[in-house]
Structures are given as C-alpha cells and as structure tokens.
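Keep the sequence handy as you read.

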Amino acid sequence: MFENRPITLSPRLAIILLWLGWWLILNVFQVMAFARVDLNRPDTSYAWTARRTQDTPPASNPVKLHVRWDSGFYVSIALYGYDGTSAAFFPLYPLAMRVVNGLLNPLLPDLNTLDRMELAGFIVSSLASLIAALGMYELLMLVLGADDARRGVFYFLIYPPAIFLLQVYSEPLFLSLATWCLAFMVRRRWWVAGVLAGIATLDRATGVLLVIPLFSTWLLDWYHSRRPAWHTLGILIIPPVVWRMYFAWLHANGLSAVKGQAAFGRSFLPGRPLALFVGELGYVLNNPQATVHITLDILLTLIALIACVYMLRRQPAIALFGLATMMLPLLTFRVVGLNRYTLACIPIFLALASFGRSRLFDRLWTVASLLVFGLYILLFSHAFWVG
C-alpha cells in the first residue's frame, strides 16, 4: 500500500544540510573536547608556543573556545582599530565583525562588549563557511560534475585545517569569496569574478593572486578562439588597485603591513632563508609535540603541491592559483602556519574529489582526515598551537 520512496533533495539544499550537521557536530565536539580532556601544559610544538601556553585559557562561554591565537588580533582591530603589530592583518574580516556587532548591540545590550564582538566574529565565520561550502560545490560541479562536487565538499569540510572555518579567523570569509570568484570565472562572468577578487584582496594577501586564474582563463579562451571581449581585461586591475589603496591607507596612518609581518618573524625572502627553514625543521628533533605538529605541516604542504601539479593539465588556471597561494608563504621560509595556508589551496579539493571515485581511497582518506581533524579541534580548544 505504501511505497518506500527515497527523499530527493535539491543539490544545494543537501549541501546546506551537510554544512548544518557539520556545524552542530563541530560545536558540540569542541565543547566536549575542552570539558573532557585536560592537556599537559605547556605546548612545545615551537619554542615560542611554550611561553604562551603556560595557563589554561578562558572559557566563560562556548564562543571563547573559538577565539584563540590570531583571533585576538581580529577582535582588537574590530573594537579599537589598528596598531603597529596588527597591521599584518587585513581589514575585511574585522570590518564584517563590526557590522554584525552593530546588529547584535540592540538585541544583546547587556552583553559584555568583548563577548559581543567575539560572538560577532563567530557568526561571521559560521555564515562565511556556509557560503564557502556552497561556492566549493558550485565550482566543483562546473569543472567535475555533481557527484564529484558533493564528495569534494565533504572532503573540504573534513580537511584538517578546515577547523578554521568555524573559528574567529579570516579563512572562511576569504574562501567564501575565492570559491565564488572562481565559479563565476568558470562561467565567464568576468566582472562579477573580478569584483569578488578585489573584495577578497581586502581579507587576505592571497586575494590579489586571484588575478592569476582570471588572466590564465582569459588567455586560454583567446588561444582556443573563444575571443572574450577586450574590455573584460579590466578585471585584472581590480585586485592590484584594491591592494595598493589599502597599503596607501596604512601608510597614511603611519602603519606598515610589512613591518607588522616582520613583528611575527615572517618576511618575504628573508636573509639567510635556508638556515631559517632548516632551523625550524630541525626543531622536530627536540620533542615529540614538535615532531607531530611540524610533520603534519610539511605533509599537508606536500599534499597541496602534489594536488596542484596533478590538476595542472586538467584545470590549469585553478592549479596555478593553488601553486601561487602556496609559494607566497613558502617564500617566507617559515614552517609556522603552513598547514592553515593549505586551506586556501583549492586544487586540493578538486584532486581529492577525483581520487575519491575510488571507494578504497574514499574510506582511507576519510578516516585519516577525520582523525587529524579531531586532533586539531582538541588542540585549538585548549589554545594549543594548530596553525
């Protein structure tokens, strides 16, 4: 009498529900990880992390678990503006936090100012991570097809550094812009893609590198006689102009992003680069925490580079963007944060979606990725260094 008919969801609704389940599980697990496990302090993954992880971090409310390390700089910028050190951080994310904080103010007038701004950051990251998941689906669907796209979004959400998609960090906002920029590029919606690239440049330095896939795609179209309109080349000036205007604004206010980065020990093509790089790699010999953390940094970096090379003939424009996003931090010759920087290397998820057609690879990668993902959440919740 009754037929068992499978419930069919629209592809984008399925992605929204996948993200919602991921969001709920991740938030619950982060609270559980902090409440159930007490880590042995300090964190010695680097020499400088030991000095900063002597005490248990605050956790007066669940949002505090999402506010660690660089999060404090974004909150400070959103509340008080820039100073010399914070000039290393781009303005779009704290600006979005300030806008959301303004909306929260009449709704939560009695909430502590700091707590409300941290909540604003958490909301921005949460919404941006959803937009990024939808953008990743759109991009993968266009270049690989619907089945690979669904699988690729799942790999995206469980990729170990993807824990930063739900923390008070700028990565989710950047990826929400970059994925849709590339999706519109594939659709040849040149001006929309160019504007999104310009906005992304205000969120992270790698935003300006979006000119690489845009120009590469334009040239390939011309080579294959598709002949895009000449005026569409105007999109290429948007990210550099935005970049230049932002740096001019910093200079006018007595600030320097270069000096801000130098304050964190990160400079582009520093002096004695190999000695610096080998010194950081050599730290893995000092203690097991460093061995695990730095090995994961290097392993994820190698996965990113291999994925870019693999995609070079299949999707050259996107692969070149991935290579550029990895070369930017690699040319600082610092190991610190390399795992987090791989999150913006979008060719990883194209390659994984392709490899995931093999059921054996799908099972093995899912297990490996989730285990490291859980380790990173546990560490981040307790304010140990992750990336």
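## Helix 9 and its cover

Helix 9 covers residues 211-223, and its 13 residues should span 18 Å at 1.5 Å a residue, which agrees with the 18 Å between its end C-alpha atoms. The expected span here is 1.5 Å times one less than the number of residues. Helices are DSSP runs of H or I with at least four residues (strands would be E, at least two), numbered from the N terminus. This is a predicted model, where local features need pLDDT of at least 70 and side-chain atom pairs count only at pLDDT 80 or more, while totals for chains, interfaces and linings use all residues. Residues are numbered from 1 along each chain as its sequence is written, and side-chain values use heavy atoms, with hydrogens and water left out.

Which residues of helix 9 are buried? They are Val-211, Pro-213, Leu-214, Ser-216, Thr-217, Trp-218 and Asp-221. Buried means under 20% relative accessible area, exposed means over 50%, and partly exposed is in between (1.4 Å probe, protein chains only). The cover over these buried residues includes helix 7 (171-186), helix 8 (190-201), helix 10 (238-252) and helix 14 (316-330).

Zoom in on Thr-217, which sits in helix 9. Its relative accessible area is 6%, so Thr-217 is buried. Apart from neighbours within four places in sequence, Thr-217 is in contact (heavy atoms within 4.5 Å) with Met-185, Arg-188, Trp-190 and Ala-317. Past the end of the helix, look for Ser-225, which follows helix 9 and has a positive phi near 65 degrees.

Now hop over to Asp-115 in helix 5 (residues 113-144). Is Asp-115 buried or exposed? With a relative accessible area of 18%, Asp-115 is buried. Setting aside residues up to four places away in sequence, Asp-115 touches Asn-61 and Lys-64.

The side chains of Asp-115 and Lys-64 also make a polar contact at 3.0 Å. A polar contact is a pair of N or O atoms within 3.5 Å; within protein, one must be able to donate a hydrogen and the other to accept it, and residues adjacent in sequence count only if both atoms are side-chain atoms.

## Leucines towards the outside

Leu-13 belongs to helix 1 (residues 11-36) and is partly exposed, at 37% relative accessible area. Leu-302, in helix 13 (residues 288-311), is partly exposed too, at 45% relative accessibility. Leu-302 and Thr-342 are 40 residues apart in sequence, with their C-alpha atoms 9.5 Å apart in space.

Leu-371 is in helix 17 (residues 359-381), and with a relative accessible area of 61% it is exposed. From Leu-371 to Gly-102 the C-alpha to C-alpha distance is 38 Å, and the two are 269 residues apart in sequence.

A few backbone spots deserve a click. The peptide bond from Arg-41 to Pro-42 is cis, with omega near 0 degrees, and Pro-42 is in the loop between helix 1 and helix 2 (47-52).

Phe-333 isn't a glycine, but it has a positive phi of about 55 degrees. Phe-333 lies in the loop between helix 14 and helix 15 (338-341) and counts as buried at 18% relative accessibility. Ala-383, in the segment after helix 17, has a positive phi near 65 degrees. Ala-383 is buried, with a relative accessible area of 14%.
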